[in-house]
Amino acid sequence: MAPTIRIAQGKLAGALDDGIQAFRGVPYATAPRFAPPGPAPTWSGTREATDPGPQSPQIDDRDERFGRSAQPQAEDCLSLNIWHPADAEGLPVMVFIHGGGFQTGGGGHPCYDGATLARRGQVVVVTLQYRLGVLGLLWHPALGRPDAEFDGNWCMQDLLAGLRWVHDNISAFGGDAGNLTLFGESAGGVAVAQLCLSPAARPLIRRAVIQSASPNAVGRAQHEAAAATFLSETGSAADAEALRALPLEAVLAAQPAWAGTVGAGRPAPRPMVDGKLLPDWPNAIADSSQLAGLDIMVSYCRDEYAFMACDMANRPTNDDALFDALGRSGYPPSLLATYREARRSRGQSDDALSLWIAIQTDALIRVPALDFLARHSARGGTGYACAVTWESTFTPAGFDRPLGACHTIELPLLFGRNDASPTLARLAGTGAEAAAVSTLIQDAWIAFARTGSPATPATGDWPGFAAPDRATMCLNNEARLEHDPWGDERAAMQGALAAIDAAA
């Protein structure tokens, strides 16, 4: 018999699978274009909640490395999915935000099925959907409203509305709203960090896991420059009514040019420092006491950028091309010698592409994320770090090597979905060793959500992260504690990024 549950909006009918109740496609708000999310809809009778709702309109979804989602698309996409043990009460809540560069993806992707995690951890798992691309991030002063709580950042306002919905309703699903862990990967990890930094969202979050992401934001000026590009591409007037009346096809067609403007020097469009929802730059907030009482874990994959390098038409394949790429990114030439010497000393490949992957992994993800965590720890905050070193053996078409410990590899393992499809199995692997790393990752995340520490019997002691030791748990088919792994490269990149910021 299908489980049913009543919330303020109405009655829901879900599904039951091996002791786990699932309620999918539950609307938490409405999504008027280029405006704050509207109130959650209500209904009479019983609403079927067995299929994920539509994901935000997007140009493309994950490719052969991750698998495309079969979800339909619609602008009214603000829904969430919930998995919880039957007859549960007062359980920890784990809320996941998907990645995709703020341009692709959806919370209903098969990889993010929360049943395994809910069952293993006896926790409530929630996945959120939010507006993407231009629909989620376009900002122009013409869109401002004097009565609005916040300006722009529509996708972040969506996620805040989702967190508020969870806070108000999750007890009906057996969850404890006071013990909420927010976790997300890539763009989802960016969103996690920035929600923790938001005075509006911070009280709703007890713990946070930032996966494969830095907290970096962009400024209002960059967003307004991107809006000018968007207006030029669409031929639209700088008028809220005209922008909201644009055909969806025209919005999506103009998105690549818009994204190129917002993403100057960064891997993707990001939310802006608006002075309200995100009141200041992330490191400035981390240097204050505003994150007091928040437990943070940062997770990264050793070879993050291999996932992105597959898509580069001009990825560097020799030292001359690598020098040119370093110069275009503003990195000092001395970085090349530091990275090459460090990798040679460890017996790792030091060809041009391997070096570029290592440098970009550090510049875009690892070093900014760990710097943020170090700042939090220096203010007395609880913080932990882990590095996923489990390697994918998959070699994508047109690439000359396996992806290694690449971006996204931990996701099928975390959700226990690495054998759910040929695509996910190809990325993350299967068999006894893959099962071992999957168990390690799941148990660490569950322990963190339950207690604030990711330590488990399998990991042993897991010290907090703080300079200069920078304790980091490396997760493969077994756990190994290291102090400041790849430290020479980390220190060199930290100095390079500081110099770039000072010159900006």
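A residue counts as buried under 20% relative accessible area, as exposed over 50% and as partly exposed in between (1.4 Å probe, protein chains only). This is a predicted model, in which local features need pLDDT of at least 70, side-chain atom pairs count only at pLDDT 80 or more, and totals for chains, interfaces and linings use all residues. Residues are numbered from 1 along each chain as its sequence is written, and side-chain values use heavy atoms, with hydrogens and water left out.

Select Thr456 in the loop between α15 (432-451) and β15 (471-475); helices (H or I, at least four residues) and strands (E, at least two) are DSSP runs numbered from the N terminus. Thr456 has a relative accessible area of 14% and is therefore buried. Beyond its neighbours within four places in sequence, Thr456 is in contact with Asp443, Ala444 and Ala447, contact meaning heavy atoms within 4.5 Å.

Next, select helix α11 (residues 334-345) and helix α16 (residues 487-503), whose axes come within 9 Å and cross at roughly 170°. Axes are lines fitted to C-alpha atoms, for helices over the stretch in contact, and angles run from 0 to 180 degrees between N-to-C directions. The crossing makes α11 roughly antiparallel to α16 (over 145 degrees). On α11, display Leu335, Thr338, Tyr339, Ala342 and Arg343, which meet Asp488, Glu489, Ala492, Met493 and Ala496 of α16.

Key: Angles under 35 degrees count as roughly parallel, over 145 as roughly antiparallel, 65 to 115 as roughly perpendicular and the rest as oblique.
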